[in-house]
Amino acid sequence: MSKAAKAKPGADAPQEIDEIEECPRCGKPLPLCICDSVTPIANRIELLILQHPQEQDRALGTARLTAQHFQKVTHKIGLSWPSLSKALGRSVDPLDWAILYLGSVKLADLDTDRDLVAVDRKGQLEEGQRGILKDIEGVVLLDGTWSQAKALWWRNAWMLKCRRIILGPKQPSLYGKLRKEPRSDGLSTIEAAGMVLGRLEGRSEIETELNATFQRMLTQYRAVQSTMPELAPKPRQKRDYRRPENRRGKKALAK
């Protein structure tokens, strides 16, 4: 098994951990692993998860955990692939696939009551939504930060041939304060996968099951924060430089 990084020494640091084993399936340190609670789903619509290299094995990442949830899934790590077929390892027509689109268009700005729609290159609703969504054979999800996902989009021109779908979740991501999303409609990979496949296959239990797994992962992360903070650090608080005590060269006035 691979090893996690050593804890940093220091006067106030907890007892040093020489080696922490990582799960070979999810890539997380074993104290954060919940793989034994995951049961693969027999999905009809295939899933392709393309993960930016710099997003690998992060304690709060969900790509590999998401992949474990499905029987028809491919998980690749990299920056570019010559075609969708090369990424999947077999010949497919990209017109039969959709990609969760990263453009500026938001579903809330469109005239629809759906929470998943297909849009054209101008960000407008495609005609014949029911037929388009019904015929989708697979979905591409880009895993990484917002900027990393955009880098994957621009490096893979074949994505322009895929259908574009967007989501309009009613609730914000379960990440909460653990990982700040740049947009209110931003979701983790596992949440997006559950919502997309749940809607396209008409099986709400898919979304329910993946969200339950994600919640278990976050609960485990928070539990580890108190005992092994080097594995599950708390999010940094941004300084408010309008406050006197945070201004360079100035001290807060005594009250």
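**Exercise 1. State which residue just after α5 takes a positive phi, and describe how α5 is enclosed.**

*Solution.* Just after α5, Gly202 takes a positive phi of about 65°. Helices (H or I, at least four residues) and strands (E, at least two) are DSSP runs, numbered from the N terminus. This is a predicted model, in which local features need pLDDT of at least 70, side-chain atom pairs count only at pLDDT 80 or more, and totals for chains, interfaces and linings use all residues. Residues are numbered from 1 along each chain as its sequence is written, and side-chain values use heavy atoms, with hydrogens and water left out.

Step 1. α5 has 13 residues and reaches 18 Å from its first C-alpha to its last, close to the 18 Å expected at 1.5 Å a residue; the expected span is 1.5 Å times one less than the number of residues.

Step 2. Buried means under 20% relative accessible area, exposed over 50%, and partly exposed in between (1.4 Å probe, protein chains only). In α5, 12 of the 13 residues are buried, so the helix is largely enclosed by the rest of the structure. Among them are Thr189, Met195 and Glu201.

**Exercise 2. Classify the pair formed by Tyr175 and Phe214.**

*Solution.* Step 1. Rings of Phe, Tyr and Trp (its six-membered ring) pair if their centres lie within 6.5 Å; planes under 30 degrees apart count as stacked, over 60 as edge-to-face and the rest as tilted. The count by this rule is 2 aromatic pairs.

Step 1. The ring centres of Tyr175 and Phe214 are 5.0 Å apart and the planes stand at 90°, so this pair is edge-to-face.

Step 2. Tyr175 lies in the loop between β6 (163–167) and α5 (189–201), and Phe214 in helix α6 (residues 204–227), so the pair ties together parts 39 residues apart in sequence.
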